[in-house]
Amino acid sequence: MLDIKRIRENPESFDAALKRRGMAPQSVVVLALDARHRGWVSALQRHQARRNEASKAIGAAKARGEDAGPLMNEVAALKDSIREAEEEGRALAKEIEDLLAGLPNAPAEDVPDGPDAAGNVELRRWGSPPALAFKPRQHFDLGEALGLMDFEIAAKLSGARFVVLKGALSRLERALAAFMLDLHTGTFGYTEVSPPYLVRSETAFGTGNLPKFAGDLFRTTDFFWLIPTAEMPLTNLVREQILDAAMLPLRFTAHTPCFRSEAGAAGKDTRGMIRQHQFTKVELVSVTTPETSDAELECMTGAAEEVLRRLGLPYRVVALCTGDMGFAARKTYDIEVWLPGQAAFREISSCSNCGDFQARRMAARYRDPASKAARFVHTLNGSGLAVGRTLIAVMENYQQADGSIVVPAALRPYLGGLEVIAAAR
RNA sequence: GGAGAGAUGGCCGAGUGGUCGAAGGCGGCGGUUUGCUAAACCGUUAGGCGGGGUAAACUCGCCUCGAGGGUUCGAAUCCCUCUCUCUCCGCCA
């Protein structure tokens, strides 16, 4: 949610930010509504001040046993004006709120401009694709050949975009998650959290998924939302609070299932595990002061990268351009892992600084020791990493000519020392 | 599923029609005392919106005691609806 005060003070930069997102200017509309709203509010306050004053006088007069009749009539007459100003003011406030709730965060200044993913800027690469003396296969071919990845039975159970893993692949998935959690909690100062997977609308609003992106989410019959990412519960851990500045930064990590309806992704990545209705992810969330959030984003991205380094998976880091960034983000780095089977880099993590955009929606603040004022915190989130996609990356990068998969050294302790995943017999 | 209780400031917790944005405590902040720390004592301390003022200090008005509506000249306090939380019983991983 953007700050109406800042829009009022600087409508040009508000419109400029929208333009960078490829959207039409809105300041004229917003400010017109705002002016009408403030007109009603000030009228309301005038009437209320008079009512309060007169009511006190009535109390005083009655206490002295005097006649308060004329004053009482005057206050009674004010009621209609008060009611009208309240109704008009509230209607306009809601209109403004609804409008602002649907507008995306303003991009940070150093975010490259661009219409879509083509405008993203590669920042760095790590590692090099494995030298394979054979034509690399895609993960679904490998998995099915191993007899450990079954899309057909998954379709019978649940339909398209689901998978059943078995045996060593299932264990590999669990190992990856445990490895990631251990790294983030042990090395990077994150606190492991086991959050709810069903949340209320207010929670989904807080992170910016509602009201605009309800179509991407699954919902239960009694109106819980299934989390599309642990960002949702983890970020909302600080909602409606005034935090002690000394507690910051707060760093949370969680391994959770994620549920996405992928409503707008018909026809994309229809084969395999790349795009599923359900997958698991180890999420990173930081809550910081405004002064430290930029540095925190670098730190968080570094933590996600470290997972890939330790697994020996080649990747690149990309700065998303204005046209490719998510709704709540002011700056985002995507980490893309190399998939030999596709001969392409594919997104495996997305790390974003949301500034105070989510904090405003959640009413999450901290007490600034210098000014003693309650200020909105900054929130960041990143995948550290998407477990399903990491599993794919391990399979494709560590595949051998016979279709078996070498287990990266870092994971072997989590797999009881297993070195190679071979066909189940 | 059945029965009951409750929602007040950063936290705990008083407050059943007027001077209550709200006692008291905790916590925080400032100070006194102290060789230092602790303790004690004194003072201070809600958020939001809008106006004045130099973006500061300061100051004025309005709103907010879960949300919405009602009664009343006047509501934290009375009435209605909703939401949420908790306790007990039942069932259950």
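# Reading labels off a predicted model

Tutor: Asp-80, Glu-84, Glu-86, Glu-87 and Glu-88 gather on the surface in a patch of negative charge. The model is predicted, so local features need pLDDT of at least 70 and side-chain atom pairs pLDDT 80 or more, while totals for chains, interfaces and linings use all residues. Residues are numbered from 1 along each chain as its sequence is written, and side-chain values use heavy atoms, without hydrogens and water.

Student: What makes a group of residues a patch?

Tutor: Patch residues have over 30% relative accessible area and no salt bridge, and like charges are joined within 9 Å (nonpolar side chains within 5 Å). A salt bridge is a side-chain nitrogen of Lys or Arg within 4 Å of a carboxyl oxygen of Asp or Glu. Asp and Glu count as negative.

Student: Why is Glu-86 called partly exposed?

Tutor: Buried means under 20% relative accessible area, exposed over 50%, and partly exposed in between (1.4 Å probe, protein chains only). Glu-86 has 33% relative accessibility, so the label is partly exposed. Its place is in helix α4, residues 69-101; a helix is a DSSP run of H or I with at least four residues, and a strand is a run of E with at least two.

Student: How many aromatic pairs does the structure hold?

Tutor: A search of the whole structure finds five. Rings pair if their centres lie within 6.5 Å; planes under 30 degrees apart count as stacked, over 60 as edge-to-face and the rest as tilted.

Student: Why is the pair of Phe-179 and Tyr-414 called edge-to-face?

Tutor: The ring centres of Phe-179 and Tyr-414 are 6.1 Å apart and the planes stand at 80°, so the pair is edge-to-face. This pair links distant parts of the chain, 235 residues apart: Phe-179 is in helix α7 and Tyr-414 in the loop between β16 and β17.

Student: Are these two residues buried or exposed?

Tutor: Phe-179 has a relative accessible area of 6%, so it is buried. Tyr-414 has 26%, so it counts as partly exposed.

Student: What kind of pair do Phe-213 and Phe-327 form?

Tutor: Their centres are 5.2 Å apart and their planes at 75°, so the pair is edge-to-face. Phe-213, Phe-327 and Phe-357 form one aromatic cluster.

Student: What makes Phe-223 worth a remark on phi?

Tutor: Most residues other than glycine have a negative phi. Phi of Phe-223 is near 70°, a positive value. Phe-223 has 57% relative accessibility, so it counts as exposed.

Technical notes:
Chains lettered and ligands numbered in written order. Areas by Shrake-Rupley, 256 points an atom, 1.4 Å probe, with all protein chains shown as cover. Charge placed at Lys NZ, Arg CZ, Asp CG, Glu CD. Phe/Tyr/Trp six-rings, centres within 6.5 Å; stacked < 30°, edge-to-face > 60°.
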